[in-house]
Amino acid sequence: MEEEEHVVDAKATVLANLLSSARGRCVVHTGAGISRDAGIPDFRGPNGAWTRRASGLPAPECETTMALATPTLSHMALVGLVREGYVNRVVSCNVDCLHVRSGLDRERLSELHGNCFAESCENCAREYVRDFEMKTVGFKLTGRACEDCVDGRLRDKVLDWDDPLPKKELSLAERDSASAALNLALGSSLQIKPSCDIPFKTTRKRRRRKRDEETNDAVDDAPGKLVIVNLQPTCKDARAYCVINAKCDAVMSLVCARLGVRVPDFVRHDVLRVSHTCKASPSGTGFTFTLRVRNAHDDRESIPWLSRVEARVGSETTFATLDRQPFTLKRTIRDDGDVETKVEVELTFYFQRARDAASPPARRVYDASYANGGTSNRYSFETYRKSYAEAHSP
Ligand SMILES: [Zn+2]
């Protein structure tokens, strides 16, 4: 289905020139195809989840879990293009969180179908992005509370089949698409209504110069252009100015090279919480020391990106390996009147491999005390780093 290399190359130049002349009035619409190289299967491609189901085949094997999936070159290219002022907004139908994880400016992102890793407050709308997937869809209560509001309950953000598109995200997507000089559909089969119609807002001829209701900005009446980048032909190809049948990453790599935009590295940061308790033993001869390594977002959740922890308490000579979640270490301390009240726990954290690699293990020292009932500490890590520079040949 892929076009020949020299054709893709020439069309990438056309796309780069359009981006250049759009002067920032470009909206990119992304679909499942942009996440395919992250190891997340798409739906309608030849090996997609729905295509296989329709042929009676089992679901495609995932190369990674959603929680460990890393943004593709295309996701990172969009971060670069937004930063350099070429792209004004990214509109996505994906719920895989990869645009948010890529570090794309949240104000420039409209997630039309929601995000499996996000929940928001029903009072103040503050959004929380987690390192674990939500267990529900359709804006149900998650059981967690807002940190800003007294009674702020959190709800998941993933649309169920009959839910309308979120109002604010939709209106920004429509406004910017309508006034864009260029709409770029990236890895989308343009079949899911009504989001598939948004890129075409720009291609319709408008007779009069209008004012946007919300911002009072003048909406240009010159029709904009639509470019489609997708591995397979789409039912909307005839309405596009240019269609490129190629992988998103191949095209975006060429486009960034033409524009001299560097594709940023992807760096993942994660947070966990270490806590301990100290309880007097019933016999009165000492106490029980319990150390826990927990998910910093929610104690009850496991930590998807952590594979194991090695721990050494005080003057112990060997490390204990904690390799099952929840990570817990217990020690019985005899109190012979001579026990040190302060103790250092040396911890080494080993991260899960996300697809090809993980950051090296990280060491931290946790200061515990046998005297008080317990404390806790938060630790932040760089758990994954990937450079796209080698794939990017100017
Ligand atoms: Zn709130």
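H3 and H6 are roughly parallel to each other (angles under 35 degrees count as roughly parallel, over 145 as roughly antiparallel, 65 to 115 as roughly perpendicular and the rest as oblique). This is a predicted model, where local features need pLDDT of at least 70, side-chain atom pairs count only at pLDDT 80 or more, and totals for chains, interfaces and linings use all residues. Residue numbers start from 1 along each chain as its sequence is written. Helices (H or I, at least four residues) and strands (E, at least two) are DSSP runs, numbered from the N terminus.

**H3 against H6**

- Helix H3 (residues 73-83) packs on helix H6 (residues 248-259) at about 30 degrees, and their axes are 8 Å apart; axes are lines fitted to C-alpha atoms, for helices over the stretch in contact, and angles run from 0 to 180 degrees between N-to-C directions.
- The crossing of H3 past H6 is left-handed (the near helix is turned anticlockwise from the far one by less than a right angle; clockwise would be right-handed).
- On the H3 side, Leu-73, Ser-74, Ala-77 and Gly-80 touch Cys-248, Asp-249, Met-252, Ser-253 and Cys-256 of H6, with contact meaning C-beta atoms, placed from the backbone, within 7 Å.
- That contact has 5 nonpolar, 3 polar and 1 charged residues (Ala, Val, Leu, Ile, Met, Phe, Trp, Tyr, Cys and Pro are nonpolar, Asp, Glu, Lys and Arg charged, and the others, Gly among them, polar).

**H1 against H6**

- Helix H1 (residues 5-22) also packs on H6, at about 55 degrees with the axes 9 Å apart, which makes H1 oblique to H6.
- H1 goes past H6 in a right-handed crossing.
- H1 residues in this contact include Val-8, Ala-12 and Leu-19, while those from H6 include Val-251, Leu-254 and Arg-258.
- The tally for H1 with H6 is 10 nonpolar, 2 polar and 2 charged residues.

**The sheet**

- Four strands form an open sheet in the order E17-E14-E13-E20, with antiparallel pairing; strands pair if DSSP finds at least two bridges between them.
- Strands E17 (327-334) and E20 (374-386) are the edges, each pairing on one side only, and the twist averages 20 degrees from one strand to the next.
- Strand E14 (residues 286-295) pairs with E17 in the antiparallel sense over 8 bridges.
- Phe-289 sits opposite Arg-331 in E17.

- Arg-262 is in the loop between H6 and strand E13 (266-280).
- Arg-262 counts as partly exposed because it has 17 C-beta neighbours inside 10 Å (20 or more other C-beta atoms within 10 Å is buried, 12 or fewer exposed, in between partly exposed, with C-beta atoms placed from the backbone).

Notes: Two residues are in contact if their C-beta atoms, placed from the backbone, lie within 7 Å.
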